[in-house]
Amino acid sequence: MGAIKRFFQASYSIPIVLFIWELCAHFRIVSPRILPPLENVFRALVEDFGNGELPFHIAITVERTLAGFVIGSVAGVLVGFILSRVRWVDYLFEPIFFASYAVPKISLFPIFTFMFGIGTPSKVAFAALECLYPMVVATHAASRMIPQQIIWAGENMGMSHRRLLWSVLIPACLPGILNGLRIALPIGLTIVIVTEMIGDTHGVGFYIANYGALFRPERVYAGMICIGALGLIFDRAVLFMSNRITHARG
Amino acid sequence: MSASASFQQRGPVAFLRPLGRCLVPVVLVIVWQALGKSAILPEYLSYPSQIGVAFKELWDQGELLPYTRDTLLRLFGGFFVGSILGVAMGLISGMSRQVNGFLDPLVAFVYPVPKIAFMPIAIMIFGIGSSTQAVIVALSVSFPVFMATQSAVKHIDKHLVWVAENFEAPRSAILFRVILPSVMPGVFAGLRIALALSYISLFAAELVGAHTGLGLLISEGQDADRFDIMLTGVVSYGFLGFISDRILLKIRSRVLKGDQS
């Protein structure tokens, strides 16, 4: 009960903003095409949840985001780890990696659609690519920060390379990696939504773009509310998971 | 760090080191060209020399320059407005508990929404044109900059502020000579993320609705099956992104003379 009360005390600004919104819409201070009355947004939300349209699109978006996120972050951790630990790989590939880091990958999207088609695979591949970069950077930084002493200590105790990797290097990088996950997941969601808006017939991004083109702003806002909620849930889930993992590690 | 230093000292080939680091990109371009020439690559991957020809063609027709100019105008206009807004709001919200309490829940909800989702609304307000794209860029830029600035202000060494207050420095002096300099590293970290985000939003905004711009060049090339034109747009976009990141880093090292990280 206390938690709920604290939540409402902490987020008093949301009802205020909604109230101002409703006033603007009600007295036509702002055109209803730009700010539709709240009850219309709410009705659209309930309607499209009821007829299954929104759950359908949300499920597709979530599936793509998670698939891209998992592929991208696993690959990113591997790449970041190898880049920071194997000297010749670092020598050859570090320049090209950090040069391409600044290049807007989104411009490659047309090529991705040719390679993987316009459906789910191209979105997953692209989200994976965009999640890869922050994960590599996070893993790389974390792995470089490992104090040499604990590696020496491990070697002195006669650990095999494998043992060293699993019980020294990876646990030492874990906090940095988990932090990277928290950056990568919203990027993955953004990318999936953006690519859905550019060209697709499924997903929340399409839902928004489509109803925007049909001049149905209440549904555009309904879509945005769903994305905002998704982003919050994703973030809390990653946070919860990483707290659990780091706690278990002590 | 020590590992790479010992690597550097080894042998008389030290001057070849920077050359070796360019090896992979050069080899990649050569392989790309060779595979393209021998028609192993699919048609949609025009190879470098084709892109060069298309680049020259577009340049001579006088199409490339205005498109690039429009894209840059939108990008920097939006980036400028968005980052100033983000820094200002971040400073205010970092310093005042009331403002912070008011904005935090709102930002927490709006932050994960890709700002490109406001595109339909922005089109209704500003019509199809450069201002719509600039607004989308400004929106996408302001949030990460706001978050970075706010958290930098919150993590300021309180002693610095206390010392300034003890010397009875006026509030404006505390703001401009204590707080602002010490949040700069955080602000630049936010700006760099924002720059990457702004390219994503701008690209999508240009694909969805624009009369000019490199994004349009890409989609036109795609529609007309002129893959060399499409890739010219792709390469130019990548090049612009790379250059603007470098410029930002240059500005950063100018502003943060003392900061070595």
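Helices here are DSSP runs of H or I with at least four residues, strands are runs of E with at least two, and both get numbered from the N terminus. With that in hand, chain A comes to eleven helices and zero strands.

Before I go on, some housekeeping. This is a predicted model, where local features need pLDDT of at least 70 and side-chain atom pairs count only at pLDDT 80 or more, while totals for chains, interfaces and linings use all residues. Residues are numbered from 1 along each chain as its sequence is written, and chains are lettered from A and ligands numbered from 1 in the order in which they are written.

Okay, back to chain A. Reading along the sequence, you get α-α-α-α-α-α-α-α-α-α-α. Its radius of gyration is 23 Å, well over the 18 Å that the globule rule gives for 250 residues, so chain A is more spread out than a compact globule. For that number, the radius is taken over C-alpha atoms, and the globule rule is 2.2 Å times the number of residues to the power 0.38. The C-alpha trace of chain A spans about 75 × 55 × 30 Å along its principal axes.

How much of chain A is buried? Of its 250 residues, 38% are. I call a residue buried if 20 or more other C-beta atoms lie within 10 Å of its own, exposed if 12 or fewer do, and partly exposed in between, with C-beta atoms placed from the backbone.

Next, contacts: two residues are in contact if their C-beta atoms, again placed from the backbone, lie within 7 Å. Take the contacts in chain A with a separation of 6 or more, and 73% of them come from residues 24 or more positions apart.

Where they touch, domain 1 of chain A puts in eight residues and domain 2 of chain A puts in four. On the domain 1 side, that's five nonpolar, one polar and two charged. By those words I mean that Ala, Val, Leu, Ile, Met, Phe, Trp, Tyr, Cys and Pro are nonpolar, Asp, Glu, Lys and Arg are charged, and the others, Gly among them, are polar.

Now a helix pair. Two packed helices are described by the angle between their axes and the distance between the axes. In chain A, the axes of α4 (residues 53–85) and α7 (residues 120–144) come within 5 Å and cross at roughly 35°. Those axes are lines fitted to C-alpha atoms, for helices over the stretch in contact, with angles from 0 to 180 degrees between N-to-C directions. Which hand does the crossing of α4(A) and α7(A) have? The crossing of α4(A) and α7(A) is right-handed, and the contact has 17 nonpolar, eleven polar and five charged residues. Right-handed means the near helix is turned clockwise from the far one by less than a right angle, and left-handed means anticlockwise.

A:F215 is exposed, with 12 other C-beta atoms within 10 Å.

Over to chain B, with twelve helices and zero strands. The radius of gyration of chain B is 23 Å, well over the 18 Å from the globule rule for 261 residues, so chain B is more spread out than a compact globule. Its C-alpha trace spans about 75 × 65 × 30 Å along the principal axes, and 38% of the 261 residues count as buried.

B:D225 is in the loop between α11 and α12 of chain B, with phi near 60°, positive in a residue other than glycine. B:D225 counts as exposed, with 10 C-beta neighbours inside 10 Å. B:F188, in helix α10 of chain B, is buried, with 21 other C-beta atoms within 10 Å. Leaving aside neighbours within four places in sequence, B:F188 is in contact with B:R252 and B:L256.

Last stop, the interface: 42 residues of chain B are in contact with 42 residues of chain A. Helices of chain B that each supply at least two residues to that side include α1 (2–9), α10 (171–208) and α12 (227–255). The chain B side divides into 36 nonpolar, four polar and two charged residues.
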